[in-house]
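Keep the sequence and the 3D view open as you read.

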Amino acid sequence: MSSTLRLEEKQQAFAELREVKTILAAKGWFPATSGNLSIRVGDFAPEQFTFAITASGKDKSVNTPSDFLLVDDKGQPTETTGLKPSAETLIHCEIYKATGCGAIFHVHTVFNNLVSELFWERKSIPVEGVELIKAFNIWDEEAQIEVPILPNYADIPRIAELVQDAIVPRVPGIMLRKHGIYAWGANAFEAKRNLEAFEYLFEYVYRLELLKK
């Protein structure tokens, strides 16, 4: 890959991340600098790839020239930089390896935290017959899905090593308990669509549980 092409792809990835970051920040989905976004850059290979990711500790409601950086398949910066990648970059690495996706978006919201705790013993969040399941290209009548929940260990590598076995092929997301959802797609458009669908479904599930009491 030529340096010119890499620069163009890097700039495009950063621009896409900036646009998505602005939209999701307006929804209040990045409280207290939480959350992270990434987009694959260039050719994809299961064991060797590059992706752009949000820098750690940034206020995502503000756009600056130092919001993103490039990292490799081990989560290490590919260029000299004073920026630090998100602490959860290793989780992104494992999702890219396991799924071959093109973008991963992670947010912390009240509803995704609540349902992750509500269904923790089940280890998955059940959703049944809700129209927005179709956002995941699941067209079964009265479709049912289970969104996997993983433990939220302080040691990120412990979480990362669980990712591959937790992924359900037709469900483009995994939850960390009382932490947040990782949603992915073939590109930024799909990842954003899937993320928004998950958040709608989580709110639905939580409110439905309240009505049952």
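**A sheet, a helix and what lies between**

Strands here are DSSP runs of E at least two residues long, helices are runs of H or I with at least four residues, and both are numbered from the N terminus. Two strands count as paired if DSSP finds at least two bridges between them. Within this pair, Phe51 sits opposite Val71 of β3. Before going on, note that this is a predicted model, where local features need pLDDT of at least 70 and side-chain atom pairs count only at pLDDT 80 or more, while totals for chains, interfaces and linings use all residues. Residues are numbered from 1 along each chain as its sequence is written, and side-chain values use heavy atoms, leaving out hydrogens and water.

Now zoom out. The pair belongs to an open sheet of eight strands, ordered β3-β2-β1-β4-β8-β7-β6-β5, with mixed pairing. At the edges stand β3 (68–72) and β5 (124–128); each has a single partner strand, so one side of each has no neighbour in the sheet. On average, neighbouring strands are turned by 20° against each other, direction ignored. For that, axes are lines fitted to C-alpha atoms (for helices, over the stretch in contact), and angles between N-to-C directions run from 0 to 180 degrees.

β5 and β6 run antiparallel and share five bridges, with Ile125 opposite Val147 in β6. β6 and β7, on the other hand, run parallel and are joined by two bridges; there, Ile149 has Met175 of β7 as its bridge partner. β6 is also mostly covered, since five of its seven residues are buried. Buried means under 20% relative accessible area, exposed means over 50%, and partly exposed is in between (1.4 Å probe, protein chains only).

What lies across these strands? Helix α5, residues 188–212, lies across β1 (36–41), β4 (103–107), β5, β6 (144–150), β7 (173–176) and β8 (180–185), and runs at about 145° to β8. This helix has 25 residues and spans 36 Å from its first C-alpha to its last, close to the 36 Å expected at 1.5 Å a residue; the expected span is 1.5 Å times one less than the number of residues. At its start, a side-chain oxygen of Asn187 comes to within 3.2 Å of the backbone nitrogen of Phe189. Among the buried residues of α5 are Leu195, Phe198, Leu201, Phe202 and Val205, along with Asn194, Glu199 and Glu209.

So where do the nonpolar side chains gather? In soluble globular proteins, they tend to be buried together. In the largest nonpolar core here, which has 43 residues, Phe105, Ile125 and Val147 touch the most other members. Such a core is a set of buried Ala, Val, Leu, Ile, Met, Phe, Trp, Tyr and Cys residues joined through side-chain atoms within 4.5 Å. At least two residues each come from α1 (3–26), β1, β3, β4, β5, β6, β8 and α5, and α5 gives the largest share, eight residues. Take Ile125: leaving aside neighbours within four places in sequence, its contacts (heavy atoms within 4.5 Å) include Phe119, Val147, Met175, Phe202 and Val205. There's also a second, separate core of 22 residues, including Phe49, Ile104, Val163 and Ala166.

Finally, a few loops are worth a stop. Ser61 is in the loop between β2 and β3 and counts as exposed, at 57% relative accessibility. Its side chain makes a polar contact of 2.6 Å with the side chain of Asp59. A polar contact is a pair of N or O atoms within 3.5 Å; within protein, one must be able to donate a hydrogen and the other to accept it, and residues adjacent in sequence count only if both atoms are side-chain atoms. Asp73, in the loop between β3 and α2 (89–99), is buried, with a relative accessible area of 9%.

Most residues other than glycine have a negative phi. Thr33, in the loop between α1 and β1, has a positive phi near 70°. Glu142, in the loop between β5 and β6, also has a positive phi, near 55°.
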